[in-house]
Structure formats: C-alpha cells, structure tokens
Amino acid sequence: MRLDAPKILALGREKLQAYGTTWKKVDYIMEFAEKVNSGAFSLNAIYDMSDEDAIAALSSLKGVGVWTAEMILLFYLQRPNIFSYGDLAILRGVRMVYRHKELPKERFERYRKRLSPYCSTASLYFWAVAGGAIPGLTDPAAEKRKR
C-alpha cells in the first residue's frame, strides 16, 4: 500500500498512533499531511531544489529537523551527496576510520569536501563501520571516556 496525504488523513490520529509512534509525532505527521493535501507544501517542489534548499524547506515543517530532512534526501530522494554532521553513527564511523577522539564540525567539513560528490555512499560505509563491520576497530572517543 502506498501512503499519501489523503490516506494518512483518512487513517486519523488513533489508527496512526496504533502503529507505535508517539502522539506528538502523530500530530506532526497529521499536520504535514494536511499541508501537502491543501497544497500549502509541495513535495514535488522538493525534487527540483538544491540539497540546501530542500533541507531548509523540509526543516521548516513542525517536527522535521535538519537530520530528518537529510535522511529524507538520502533515502527517499536518493540524493548522492548527503553527509550528516547530526548523525551520531556517521560521526562514530568517521572517528573509527580516521582514529579521531573528537570530530569538530570544521574537520567533518574537510571530510565532506574530500568525499564529495559521493557522500551518500560514504555515509552508508561509515554506518557499517560504526555498526561493527570491521572486527576489532574501536571508537577512539569511547576509549577516551574509559580513562
């Protein structure tokens, strides 16, 4: 079944919440569906926007932050160059691969430039590393906390 705004609105709050999300998130989803259904927000317009403009448009919606907008661009729109500083697993993977105890935004941006225009593919690899894909590879930040 393909979900769209009218189907979400037809479900109603109670049925939507029964899928296991919080009431607050249900309200965000319902408000978003109402905006799409009324034409106040155009999902089609997002396709033609730059990554930065799409993130700004999506994160202007109640309940959608920058990280959520980036994940929409990465997974739903399949944009090729998304690298989220707000994603803890990506940060952990970068620290593990490059052996950093800390990863300030400036250093992360240097990696973004180095990996561009393939940041989305790199993100998938960093998630795998953070999840234990390379046995024995540890997070230097975690080692720092143990001391």
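Axes here are lines fitted to C-alpha atoms, for helices over the stretch in contact, and angles run from 0 to 180 degrees between N-to-C directions. Keep that in mind as you open this predicted model.

**Stop 1: α6 and α7**

Select residues 88–98, which form helix α6, together with residues 105–115, which form helix α7. The two pack at an angle of about 85°, and their axes are 12 Å apart. Angles of 65 to 115 degrees count as roughly perpendicular, so α6 is roughly perpendicular to α7. Now show side chains: α6 brings I90, L91, V94 and Y98 to the contact, while α7 brings F108, Y111 and R114.

**Stop 2: α5 and α8**

Next, select helix α5 (residues 66–76) and helix α8 (residues 119–130). Their axes cross at roughly 105° and come within 11 Å. That makes α5 roughly perpendicular to α8. Which residues make the contact? On the α5 side they are M71, L74 and F75, and on the α8 side S120, L124 and W127.

**Stop 3: W127**

Stay in helix α8 and centre on W127. Setting aside residues up to four places away in sequence, W127 touches M71, L74, F75, D87, A89 and I90. Then pick the C-alpha atoms of W127 and G93: they are separated by 6.1 Å, although the two residues are 34 apart along the chain.

**Stop 4: R79**

Move on to R79, in the loop between α5 and α6. Is this arginine buried or exposed? R79 has a relative accessible area of 12%, and buried means under 20%, so R79 is buried. Draw a distance from the R79 side chain to that of D51, and you will find a polar contact of 2.5 Å. Around R79, beyond its neighbours within four places in sequence, the contacts are I46, Y47, M49, S50, D51, A54, L73, L74 and S120.

**Stop 5: α1**

Finally, select residues 5–17, helix α1. A straight helix of 13 residues would span 18 Å at 1.5 Å a residue, but α1 spans only 16 Å between its end C-alpha atoms. Where does α1 bend? Look at L11, where the bend is about 80°.

Key. Residues are numbered from 1 along each chain as its sequence is written. This is a predicted model: local features need pLDDT of at least 70, side-chain atom pairs count only at pLDDT 80 or more; totals for chains, interfaces and linings use all residues. Side-chain values use heavy atoms; hydrogens and water are left out. Helices (H or I, at least four residues) and strands (E, at least two) are DSSP runs, numbered from the N terminus. The expected span of a helix is 1.5 Å times one less than its number of residues. The bend at a residue is the angle between axes fitted to the seven residues ending there and the seven starting there. Angles under 35 degrees count as roughly parallel, over 145 as roughly antiparallel, 65 to 115 as roughly perpendicular and the rest as oblique. Contact means heavy atoms within 4.5 Å. Buried means under 20% relative accessible area, exposed over 50%, partly exposed in between (1.4 Å probe, protein chains only). A polar contact is a pair of N or O atoms within 3.5 Å; within protein, one must be able to donate a hydrogen and the other to accept it, and residues adjacent in sequence count only if both atoms are side-chain atoms.
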